[in-house]
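Trainee: Could you take me through this model feature by feature, giving the general idea before the particular case?

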Amino acid sequence: MRVKIKLVIADSDDGEGRQLAEYLDQQGDVEVTRICRNGYSTLDAVKELKPDMLLLDLILPGMDGIAVLEDVKALEYAPSVIVTSALDNSRMINCACALGADFYICKPYELHNVHERIVQIGGKQNYSLQNLETGNRMNVSESVLCRSSRYSMEAKVTNTIRTLGIPAHIKGYQYIREGVLLALNDENMLAYITKYLYPTIAKKYNTTSSSVERAIRHAIGVAWERGNSSAIAEIYGCEYMEERRPTNSEFLSVLVDKFQLEEKLTQKDYIEVAKAM
């Protein structure tokens, strides 16, 4: 039996929220559990009802949508979030994505488009619930990231690796890129690099863990021997330039720390911009 996607709608326009709820009810695969008109009641509804998804308007009285999104994504049980807003600008979209929104829909929207996105994003979670009910635990908890946020991080990682002087044609280039992205999504990857990170990369590229380890070590050697020394010194400091090369774990950890710090600073800037609007 198909499990309906449980949805909370947060919209300051009561008429718009109810119109959408009535449309979704007719589709048969979404259950609107509550319609909220301000930020405080929205946060309370999410905590109480534990919905699969939250459709969140950014312009809410009392507690704005950005603040709600921050608090919702900090919960132990965090639903998927689709943000809706009449604010159609890249800063606001990036802000929502950086804070964990799964999708951003500009108003005015077509009802059928909203329904499609809800089903598209909620489908994985819905499938997961069905399997848990039948006793078949499956690892389908991977979140659907906002496209602009995901692609932006991939671009940053790629550009940095190239800047260090690691050529794209060697295998270590791909493995380092994949390793950094994996570690950014799961902190345990670097804590257990041999047990988790190498095997995960090896499985994707149809090779062995030892081959992944050797290829990354080779790529680091290439960068230190004939790469961009100024870029290496800027990221890794003089210690590694003058005394020794970093191990694979050290090399990846420094890159991951760099991107995590940049992401935190970016989120802070976005939040300040959003609050000023």
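Trainee: Which residue in S3 does Ala 10 stand opposite?

Mentor: Two strands are taken to pair if DSSP finds at least two bridges between them, the strands (E, at least two residues) and helices (H or I, at least four) being DSSP runs numbered from the N terminus. In this predicted model, where local features need pLDDT of at least 70, side-chain atom pairs count only at pLDDT 80 or more, and totals for chains, interfaces and linings use all residues, Ala 10 stands opposite Leu 56 in S3. S1 and strand S3 (residues 53-57) pair in the parallel sense over four bridges. Residues are numbered from 1 along each chain as its sequence is written, and side-chain values use heavy atoms, with hydrogens and water left out.

Trainee: In what order do the strands of the open sheet run?

Mentor: The open sheet is formed by five strands in the order S2-S1-S3-S4-S5, with parallel pairing. Because S2 and S5 stand at the edges with a single partner strand each, one side of each is left without a neighbour in the sheet. From one strand to the next the twist averages 20°, where axes are lines fitted to C-alpha atoms, for helices over the stretch in contact, and angles run from 0 to 180 degrees between N-to-C directions.

Trainee: Which strands does helix H2 touch as it packs on the sheet?

Mentor: Contact here means heavy atoms within 4.5 Å. Helix H2 (residues 39-49) packs on the sheet with contacts to S1, S2 and S3, and its direction makes about 140° with that of S2. Helix H3 (residues 65-73) also packs on the sheet, touching S3 and strand S4 (80-85), and the direction of H3 makes about 160° with that of S3.

Trainee: What is the handedness of the β-α-β unit made by S1, helix H1 and S2?

Mentor: A crossover is right-handed if, with the strands pointing away from the viewer, the path from the first strand over the helix to the second runs clockwise. S1, helix H1 (residues 14-27) and S2 make a right-handed unit of this kind. Strand S1 (residues 5-10) and strand S2 (residues 30-36) pair in the parallel sense over six bridges, and Leu 7 stands opposite Val 32 in S2.

Trainee: Is His 115 buried or exposed?

Mentor: Buried means under 20% relative accessible area, exposed over 50%, and partly exposed in between, for a 1.4 Å probe and protein chains only. His 115, found in helix H5 (residues 111-133), has 13% relative accessibility and therefore counts as buried. Not counting residues up to four places away in sequence, His 115 touches Tyr 23, Leu 24, Gln 27, Asp 29 and Val 30.

Trainee: How many aromatic pairs does a search of the whole structure find?

Mentor: Rings of Phe, Tyr and Trp (its six-membered ring) pair if their centres lie within 6.5 Å, and planes under 30 degrees apart count as stacked, over 60 as edge-to-face and the rest as tilted. The search of the whole structure finds five such pairs. One of them is the edge-to-face pair of Tyr 175 and Tyr 205, at 5.3 Å centre to centre with 65° between the planes. This pair links distant parts of the chain, 30 residues apart, with Tyr 175 in helix H7 (residues 171-185) and Tyr 205 in the loop between helix H9 (193-204) and helix H10 (209-226). Tyr 175 counts as buried at 4% relative accessibility, whereas Tyr 205 is partly exposed, with a relative accessible area of 27%.
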